[in-house]
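Hi,

Here is the structure I promised to pass on.

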Amino acid sequence: MEEKAEIERKIGLQVRQRRIASGFSQEQLAELVDVSTTTISRLENGRQMVSVAKIVQISMVLKIGAGELFCDYDYEMAEKKNVDVRLEELLRACSPRQKEYFLDYLKQFLEYSQEQ
(Lines give C-alpha, C1' and ligand atoms only; values in the text may rest on other atoms or scores of the structure.)
Protein backbone atom coordinates (compact mmCIF):
# COMPACT_ATOMS: atom_id res chain seq x y z
CA MET A 1 0.00 0.00 0.00
CA GLU A 2 1.24 3.48 -0.83
CA GLU A 3 2.58 5.75 1.85
CA LYS A 4 0.20 8.47 3.00
CA ALA A 5 2.62 11.19 1.82
CA GLU A 6 2.79 9.69 -1.68
CA ILE A 7 -0.99 9.53 -1.96
CA GLU A 8 -1.27 13.15 -0.81
CA ARG A 9 1.39 14.17 -3.34
CA LYS A 10 -0.54 12.48 -6.17
CA ILE A 11 -3.83 14.08 -5.13
CA GLY A 12 -2.11 17.46 -4.96
CA LEU A 13 -0.63 17.00 -8.40
CA GLN A 14 -4.05 16.16 -9.82
CA VAL A 15 -5.59 19.22 -8.16
CA ARG A 16 -2.86 21.42 -9.67
CA GLN A 17 -3.16 19.91 -13.15
CA ARG A 18 -6.96 20.07 -13.15
CA ARG A 19 -6.98 23.62 -11.73
CA ILE A 20 -4.60 24.86 -14.42
CA ALA A 21 -6.51 23.00 -17.15
CA SER A 22 -9.71 24.67 -15.90
CA GLY A 23 -8.11 28.13 -16.02
CA PHE A 24 -8.28 28.91 -12.30
CA SER A 25 -5.56 30.55 -10.25
CA GLN A 26 -4.83 29.23 -6.78
CA GLU A 27 -6.45 32.36 -5.40
CA GLN A 28 -9.65 31.83 -7.39
CA LEU A 29 -9.96 28.18 -6.41
CA ALA A 30 -9.28 29.01 -2.76
CA GLU A 31 -12.01 31.62 -2.74
CA LEU A 32 -14.53 29.32 -4.41
CA VAL A 33 -13.99 26.51 -1.88
CA ASP A 34 -13.57 28.83 1.12
CA VAL A 35 -9.98 28.02 2.08
CA SER A 36 -6.79 30.09 2.07
CA THR A 37 -4.49 30.32 -0.92
CA THR A 38 -1.83 28.81 1.33
CA THR A 39 -4.04 25.76 1.85
CA ILE A 40 -4.40 25.28 -1.93
CA SER A 41 -0.65 25.71 -2.38
CA ARG A 42 0.14 23.20 0.35
CA LEU A 43 -2.46 20.77 -1.01
CA GLU A 44 -0.98 20.98 -4.51
CA ASN A 45 2.52 20.41 -3.12
CA GLY A 46 1.43 17.40 -1.08
CA ARG A 47 2.20 19.11 2.22
CA GLN A 48 -1.36 19.35 3.50
CA MET A 49 -4.52 17.33 3.00
CA VAL A 50 -8.01 18.78 3.14
CA SER A 51 -11.20 17.06 4.22
CA VAL A 52 -13.18 14.80 1.92
CA ALA A 53 -15.87 17.49 1.85
CA LYS A 54 -13.29 19.98 0.48
CA ILE A 55 -12.10 17.45 -2.11
CA VAL A 56 -15.71 17.14 -3.27
CA GLN A 57 -16.07 20.94 -3.37
CA ILE A 58 -12.85 21.27 -5.36
CA SER A 59 -13.98 18.62 -7.82
CA MET A 60 -17.33 20.38 -8.26
CA VAL A 61 -15.61 23.71 -9.00
CA LEU A 62 -13.30 21.95 -11.47
CA LYS A 63 -16.31 20.14 -12.97
CA ILE A 64 -14.85 16.66 -12.51
CA GLY A 65 -15.69 13.63 -10.41
CA ALA A 66 -13.99 13.62 -7.01
CA GLY A 67 -12.52 10.20 -7.85
CA GLU A 68 -10.59 11.72 -10.74
CA LEU A 69 -8.37 13.50 -8.23
CA PHE A 70 -7.14 10.10 -7.06
CA CYS A 71 -5.93 9.06 -10.55
CA ASP A 72 -2.37 9.19 -11.87
CA TYR A 73 -3.27 10.75 -15.21
CA ASP A 74 -0.58 13.28 -16.16
CA TYR A 75 -2.20 16.13 -18.08
CA GLU A 76 1.07 17.99 -18.61
CA MET A 77 2.59 15.02 -20.48
CA ALA A 78 -0.62 14.48 -22.41
CA GLU A 79 -0.49 18.01 -23.78
CA LYS A 80 2.73 17.09 -25.56
CA LYS A 81 1.28 14.08 -27.35
CA ASN A 82 -0.76 14.04 -30.53
CA VAL A 83 -4.53 14.42 -30.35
CA ASP A 84 -5.36 10.77 -31.15
CA VAL A 85 -3.10 9.43 -28.42
CA ARG A 86 -4.44 11.99 -25.95
CA LEU A 87 -8.03 11.03 -26.77
CA GLU A 88 -7.25 7.33 -26.33
CA GLU A 89 -5.61 7.96 -22.97
CA LEU A 90 -8.49 10.10 -21.77
CA LEU A 91 -11.03 7.48 -22.83
CA ARG A 92 -9.11 4.75 -21.02
CA ALA A 93 -9.20 6.86 -17.86
CA CYS A 94 -13.00 7.30 -18.09
CA SER A 95 -15.65 5.21 -16.46
CA PRO A 96 -18.24 3.52 -18.73
CA ARG A 97 -20.75 6.20 -17.72
CA GLN A 98 -18.31 8.98 -18.63
CA LYS A 99 -17.64 7.32 -21.99
CA GLU A 100 -21.38 7.23 -22.76
CA TYR A 101 -21.69 10.91 -21.84
CA PHE A 102 -18.71 11.78 -24.03
CA LEU A 103 -20.10 9.78 -26.95
CA ASP A 104 -23.43 11.60 -26.72
CA TYR A 105 -21.67 14.94 -26.51
CA LEU A 106 -19.43 14.12 -29.49
CA LYS A 107 -22.42 13.10 -31.61
CA GLN A 108 -24.20 16.36 -30.79
CA PHE A 109 -21.05 18.32 -31.54
CA LEU A 110 -20.62 16.64 -34.94
CA GLU A 111 -24.28 17.22 -35.84
CA TYR A 112 -24.03 20.87 -34.86
CA SER A 113 -20.74 21.47 -36.68
CA GLN A 114 -22.12 19.90 -39.87
CA GLU A 115 -25.07 22.30 -39.78
CA GLN A 116 -22.77 25.31 -39.65
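Before anything else, a word on how I name the pieces: helices (H or I, at least four residues) and strands (E, at least two) are DSSP runs, numbered from the N terminus. This is a predicted model, where local features need pLDDT of at least 70 and side-chain atom pairs count only at pLDDT 80 or more, while totals for chains, interfaces and linings use all residues. Residues are numbered from 1 along each chain as its sequence is written, and side-chain values use heavy atoms, with hydrogens and water left out.

**The overall picture**

The chain has seven helices and zero strands, so to speak a run of α-α-α-α-α-α-α from the N terminus on. Of its 116 residues, 27% count as buried. For that word and its relatives, buried means under 20% relative accessible area, exposed over 50%, and partly exposed in between (1.4 Å probe, protein chains only). The accessible surface comes to about 8,200 Å², and carbon and sulfur atoms own 55% of that; these areas come from the Shrake-Rupley method with a 1.4 Å probe, and for residues only the protein chains shown count as cover. As for contacts (heavy atoms within 4.5 Å), take those between residues at least 6 apart in sequence: 50% of them join residues at least 24 apart.

**Salt bridges**

How many salt bridges does a search of the whole structure find? The search turns up four, where a salt bridge is a side-chain nitrogen of Lys or Arg within 4 Å of a carboxyl oxygen of Asp or Glu.

- R9 and E6 meet at 2.8 Å, N to O. Both sit in helix 1 (residues 4–22), three residues apart, or about one turn of the helix. R9 is partly exposed at 37% relative accessible area, and E6 is partly exposed at 28%.
- E68 pairs with R18, with the closest N and O atoms 2.9 Å apart. This pair links distant parts of the chain, 50 residues apart: E68 is in the loop between helix 4 (52–61) and helix 5 (75–78), and R18 is in helix 1. Both E68 and R18 are buried.
- R19 pairs with E44, with the closest N and O atoms 2.5 Å apart. R19 lies in helix 1 and E44 in helix 3 (residues 37–44), so the pair ties together parts that are 25 residues apart in sequence. R19 and E44 are both buried, and salt bridges that share partners join R16, R19 and E44 into one network.

**A lysine without a partner**

K54, in helix 4, is buried yet has no salt bridge. Which side chain of opposite charge is nearest to K54? That is D34, 4.8 Å away (Lys and Arg count as positive and Asp and Glu as negative; His and the chain ends are not counted). Neighbours within four places in sequence aside, K54 is in contact with V33, D34 and V35.

D34 itself lies in the loop between helix 2 and helix 3 and is exposed, at 66% relative accessibility. Its phi is near 60°, a positive value in a residue other than glycine. Phi of K63 is also near 60°; K63 lies in the loop between helix 4 and helix 5 and is exposed at 73%.

**The nonpolar patch**

Last stop: V83, L87, L91, Y101, F102, Y105, L106, F109 and L110 make a nonpolar surface patch of about 850 Å². Patches are made of residues with over 30% relative accessible area and no salt bridge; like charges are joined within 9 Å, nonpolar side chains (Val, Leu, Ile, Met, Phe, Trp, Tyr) within 5 Å. Helix 6 (83–93) and helix 7 (96–115) each supply at least two of the residues, and helix 7 gives the largest share, six. F102 is in helix 7 and counts as partly exposed at 31% relative accessibility.

Cheers
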